[in-house]
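Let us walk through this structure one step at a time. Keep the sequence and the 3D view side by side as you read.

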Amino acid sequence: MLLVNAVAPALLIAIPHNPQAADSCLSKYYYGTHGQQDIFITNDELCVAEMPSHLVVDGSLGSISGDVQQLVWLQHEAVDPAIKPATFVDEIDAFLSHLPTAAPTASDNDQVVFGERKAAAQLLHRTENSALISVDSETALALDQHLPAFWKASPLPDSPIDFIPVPSKAVERVKDILNNLKFDPVVASLVGNISVPQLRADVRYLTGESSASEIVSRHSFSSGVLIAAEWLKTNFENLGATCELKPYLSGFAPNVICSFKGSEDTTETVLISAHYDSRGSFGSTRAPGGDDDGSGTTALLGIARTIARKGVQFKKNVQICAFSGEEQGLYGSRYYAQELRQKDANLTLMVQADMLAYHAPGEPAQLGLPDRIGTPEVAQLVATLSAIYSPELKVGLTPACCSDHQSFHGQGFPSTQVFERAGPIADPMYHNSGDLSDRENYDFEQIKSIAKVQFATLLHVAGFDLATDE
Ligand SMILES: *[C@@H]1O[C@H](CO)[C@@H](O)[C@H](O)[C@H]1NC(C)=O
Ligand SMILES: *[C@@H]1O[C@H](CO)[C@@H](O)[C@H](O)[C@H]1NC(C)=O
Ligand SMILES: [Zn+2]
């Protein structure tokens, strides 16, 4: 058994994400933001006693002790009651009921079955919508294949990490852009040029619905995801970008990192992204990820195709990133955001697109921005650009959480996410092998409307010229 950590009896503190925690003594004991919770593990009683009460409102406390392996936070996603099966609590209870609450011993009898694997595991903490478990690291990486659809796994680091708020200078820069925003008819015509038939063709390749595609799954460990990675790289390169397949952790598909160099001599960079990996139903090898996140990935392609077609030359540097490992706990983006922080990258802002296509029947086309995780000023900028260039979208906040922008937010980069609904997740095919694009309420027009907003953000923040005909 591989021991990651032997903790003395310690207090587990989970509070709704709050950047102010960076200023408290708790910041020394920060284990990252998982779900919407900031997690702290400490036995510093003095600090706990001093903990400002405004931080603990709605927080949950537990204690952990003994030898632990890889700690994994499990979080229930915010989903609309309309798609919540009555059995959802039973499902997670059945899963968690296999896990002993006592620390495992060396005995084989203590092992828990995860599909074809047996592993020692322990349940350390449980609330209605979250849990903390300890398992070996290999099982931790594969948990998404054992969890009920609405639960996400997020592995904790082995030791405390820095709590890095977004620096006020970076926020000021975003505010400055927002304050100087003006309607630009050229931007309007560029974003309007994103082609819906092309979005359809691209997503059908990624889901394997097109007969030209051999992709069955884009699960991070599948063979299909590697086909998708190569295909994305080739496409972006054909559109004028410089791309790299960047591996980060053995077994995972690489991140696809593409860039367009700016015409100005500057380090300033604007980043848009999506995740190209996907997750299917429990027990099924099919993971088409048409909405999650074929839609966001396709939006990136739609934007790049328009950049190429219209001869857009950015002034600042632009990166277009398709991350993998999102479904296992934001792995790809975490590694990449960490790398950018280590390089002290000059990232003005980043906008992640995750799930853009599902349109609940009877509702208007929508754009949801994260209510808690992310930089409010970036969300405000995106909302304003939406009102200007995609007035057909009803904009609001969503409690759905935790896509790759969270990794950048955690490294102190201004960031936000664009999402399909101003409310909780309503797509009944969420984390389901039926997440195809050819289905009712999968709305290509909504993908385009939201992609227009992501593209307009890029154009306004990076600045651009149009290549003139010679
Ligand atoms: C995009 O612009 C091209 C010309 O550059 C034009 O042929 C095409 O019809 C436009 N597409 C849309 C959807 O506006
Ligand atoms: C980031 O880029 C901006 C614009 O070019 C520049 O003013 C600023 O000094 C750069 N910051 C760093 C840390 O390089
Ligand atoms: Zn997703």
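Start with charge. Two salt bridges are found across the interface of domain 1 and domain 2. Bear in mind that this is a predicted model. Look for Glu326 and Lys152, whose side chains meet in a salt bridge. The N to O distance there is 3.3 Å. That pair counts because the rule asks for a Lys or Arg side-chain nitrogen within 4 Å of an Asp or Glu carboxyl oxygen.

Which elements give two or more residues to the side of domain 1 that touches domain 2? They are strand S2 (30–34) and strand S10 (151–155). S10 gives the largest share, with five residues. Sorted by class, this side of domain 1 has twelve nonpolar residues, eight polar ones and four charged ones.

Now step back to the whole chain. Domain 1 covers 10–155, and domain 2 covers 168–466. Their C-alpha centres lie 28 Å apart. Domain 1 brings 24 residues to the contact, and domain 2 brings 28.

How much area is buried between domain 1 and domain 2? The value is about 2,300 Å². Carbon and sulfur atoms give 49% of that area. On the domain 1 side, find Gln36, Leu141 and Asp144. Together they supply 25% of the area that domain 1 buries against domain 2.

Notes:
Residues numbered from 1 in each chain as written. Chains lettered and ligands numbered in written order. Predicted model: local features only at pLDDT ≥ 70, side-chain atom pairs only at ≥ 80, totals over all residues. Heavy atoms only, no water. Domains from an automatic or database assignment. Contact = heavy atoms within 4.5 Å. Buried area = accessible area lost by both parts, 1.4 Å probe. Helix = DSSP H or I, 4+ residues; strand = E, 2+ residues; numbered from the N terminus. Nonpolar A, V, L, I, M, F, W, Y, C, P; charged D, E, K, R; others polar.
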